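Hi there,

Here is the structure I promised to pass on to you. Have a look at it first, and my notes on what turned up follow below.

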Amino acid sequence: MIRQAFAHEYETIQKQRLASYEPFSNVIPAGHWEILKNTLTSENAKNSDAKVFVSEINGAIAGSVVLFPSQSKAYEWDTEALEYPEIRMLAVDANFRSNGIGKALVEHCVAVAKEQGYPFIGLHTAHFMESAMRLYKQLGFRRVPSLDFEPLDDGIIVKAFRLNLIP
């Protein structure tokens, strides 16, 4: 079941995000990992119009994702508001991986954006998140290199993807 997260679940979701992304701490510079860690535990989603969705299986949170609405700033370093909804911080608990949970969470965000009448939905993911990029491409997201950025000038490229929601 995919539903909106309850406020009392945010701490669990943040811990799950950290555990999900922690394997990348060994492949990126330490400074970049610290900023990513701070982003994953940020209160931005809780204190904004963003929607945090969870996949619940037998009473346990199997995964989560954040959908930031258009005209919002998803991260502290954002200088411009989004022109469209963006998917951020997709995380699946290691005990539930390979069961389609990440895909279901992304598809839920896509459905929400369609219901709201947006022509497209976007996301950014780091170049080292190869399985995430495979998932996004499988779901029809296309690269938008002009929206890529390198937040820390450390070689870590955050790649932009967008999905057209109008047939």
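In helix 4 (residues 130–138), the buried residues are Ala132, Met133, Leu135 and Tyr136. They sit on the same side of the helix because they span an arc of only 160 degrees around the axis, taken from the directions from the helix axis to the C-beta atoms. Buried here means under 20% relative accessible area, exposed over 50%, and partly exposed in between (1.4 Å probe, protein chains only). Helices (H or I, at least four residues) and strands (E, at least two) are DSSP runs, numbered from the N terminus.

Before going further: this is a predicted model, so local features need pLDDT of at least 70 and side-chain atom pairs count only at pLDDT 80 or more, while totals for chains, interfaces and linings use all residues. Residues are numbered from 1 along each chain as its sequence is written, and side-chain values use heavy atoms, with hydrogens and water left out.

The face of helix 4 turned away from the buried side carries the exposed residues Glu130, Ser131, Arg134 and Gln138. What covers the buried residues includes strand 4 (86–92), helix 3 (101–115), strand 5 (120–126) and strand 7 (158–164), with contact meaning heavy atoms within 4.5 Å. After helix 4 comes glycine 140, whose phi is positive, near 100 degrees.

**An aromatic pair**

Which way do the rings of tyrosine 136 and phenylalanine 141 meet? Rings of Phe, Tyr and Trp (its six-membered ring) pair if their centres lie within 6.5 Å; planes under 30 degrees apart count as stacked, over 60 as edge-to-face and the rest as tilted. By this rule the count comes to 5 aromatic pairs. The rings of tyrosine 136 and phenylalanine 141 have centres 5.9 Å apart and planes at 65 degrees, so this pair is edge-to-face. Tyrosine 136 is buried, at 6% relative accessible area, and phenylalanine 141 is buried too, at 1%. Ring pairs also join Tyr21, Phe24 and Phe128 into a cluster.

**Isoleucine 121**

Isoleucine 121 lies in strand 5 and is buried, with a relative accessible area of 0%. Not counting residues up to four places away in sequence, isoleucine 121 touches a set of residues including Leu67, Ile87, Val110, Phe141 and Phe161. Isoleucine 121 and phenylalanine 161 are 40 residues apart in sequence and 8.5 Å apart in space, C-alpha to C-alpha.

Best wishes
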